Amino acid sequence: MTVLELQKPAESLIERTAAAPIDPRQLARDLQAFRDPVPIRSGWELAITLVPFMALFALIAIAVKAGYWLALAATPLAGLFLLRLFIIQHDCGHGAFLRNRTSNDWIGRALGVLTFTPYDCWRRSHALHHAGTGNLEARGFGDVDMLTVREYRERSWLGRFAYRLYRHPAVLLGLGPAYLFLLRHRLPIGLMNEGWTYWVSAMATNAVTALVLALPLYFFGFGVTALVFFPVLLCAASLGVWLFYVQHQFEDAYWKQRADWSFYDAALLGSSYLELPRILGWFTGHIGIHHVHHLSSQIPFYRLPEVLKQHPALRDLNRFNALQACGTLRLALWDEDRRGMVSFREAAGSV
């Protein structure tokens, strides 16, 4: 298998849709059968995620005294549990975790304290992301910034350099998540003129987070708390950004101007299916089944695998495994002539 083959899904978009044509609008209607959350199941999913995360955090803080590197070895596992808490917060934002909106919102706000994410701010920007996925004229809300080839060429050399730097994997998956969760989320960036709700969300999250961190600060001190919590947070943040990237940034993704854009086509064809090993699917809340999620965002995360069982044709649509998904990191620009994403090198060669 060549490197190029690793960077692409198993089949081309034409082959997939020809082999198993799917009507997105009809499918959206069919998926309504999966939208009802099961309160007992939701409570169980929260408990088996939150309790192990808190226990791991305490154990890591205690283990620091026996050697920081020993404690650091448990960081990825704690980061995975924190990522799963973010997935639950994400479901709350869609009204998919519990049947009552108020309950969803308050659980989401509480989890936002642990994930360093002001819930109401994030819910609003994420709703805009869902409403405009694949629309070239609605970019900039809750997504990874992307330019078209034409837009990139029209930038100054400094603008092109800044964009190339932004799209570098070390920034996209390293510095970027750190900036996003530690700094950007401290203010309602992008919503600062949209009313007091988002300011309250950001400031209240900051205040309650400080109070929550006061407990480990008192018992373990600033150094230990920082060396424990921040690596866990950044581990979860980097994996979360990577998941978000591969869900919409792949070669055959769907991007159109507003006049030609369709919400249903964009949801199904512009979102990927990231097929992960079962344990990683559990930790990521099956959010890799992203085409289903975008077509019907009120399906609880734990019911997404049910959809694939009853609609097996969806398994072959925009499917990637983890290795193939990593290959998509080379893609950086949308080529409107080719109707696909290309790398900087490929864009330069098409001049």
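## Aromatic contacts

A residue counts as buried under 20% relative accessible area, as exposed over 50%, and as partly exposed in between. In this predicted model, Phe230 has a relative accessible area of 28%, and is therefore partly exposed. Phe229, at 5%, is buried. The ring centres of these two residues, Phe229 and Phe230, lie 6.1 Å apart with the planes at 65°, so the pair is edge-to-face.

The whole structure contains 16 aromatic pairs. Phe229 and Phe230 belong to one aromatic cluster together with Phe57 and Phe116.

## Charges over rings

Two arginines are placed over tryptophan rings. The charged end of Arg84 sits 3.7 Å from the centre of the Trp282 ring. Arg109 lies over the face of Trp106, with 4.6 Å to the ring centre.

## Cysteines

A search of the whole structure finds 0 disulfides. For Cys121, the nearest cysteine sulfur belongs to Cys92 and is 16 Å away. Cys121 is buried, with a relative accessible area of 9%.

Cys326 is partly exposed, at 41%.

An open sheet is formed by 3 strands in the order 1-4-5, with mixed pairing. Strand 1 (147-148) and strand 5 (340-342) each have a single partner strand, so one side of each is left without a neighbour in the sheet.

Strand 4 (residues 333-335) and strand 5 run antiparallel and are joined by 3 bridges. Trp334 has Met341 of strand 5 as its bridge partner.

Definitions and conventions:
Residues are numbered from 1 along each chain as its sequence is written. This is a predicted model: local features need pLDDT of at least 70, side-chain atom pairs count only at pLDDT 80 or more; totals for chains, interfaces and linings use all residues. Side-chain values use heavy atoms; hydrogens and water are left out. A disulfide is a pair of cysteine sulfur atoms within 2.5 Å. Buried means under 20% relative accessible area, exposed over 50%, partly exposed in between (1.4 Å probe, protein chains only). Two strands pair if DSSP finds at least two bridges between them. Helices (H or I, at least four residues) and strands (E, at least two) are DSSP runs, numbered from the N terminus. Rings of Phe, Tyr and Trp (its six-membered ring) pair if their centres lie within 6.5 Å; planes under 30 degrees apart count as stacked, over 60 as edge-to-face and the rest as tilted. A charge sits over a ring if NZ of Lys or CZ of Arg is within 6 Å of the ring centre and within 35 degrees of the ring normal.
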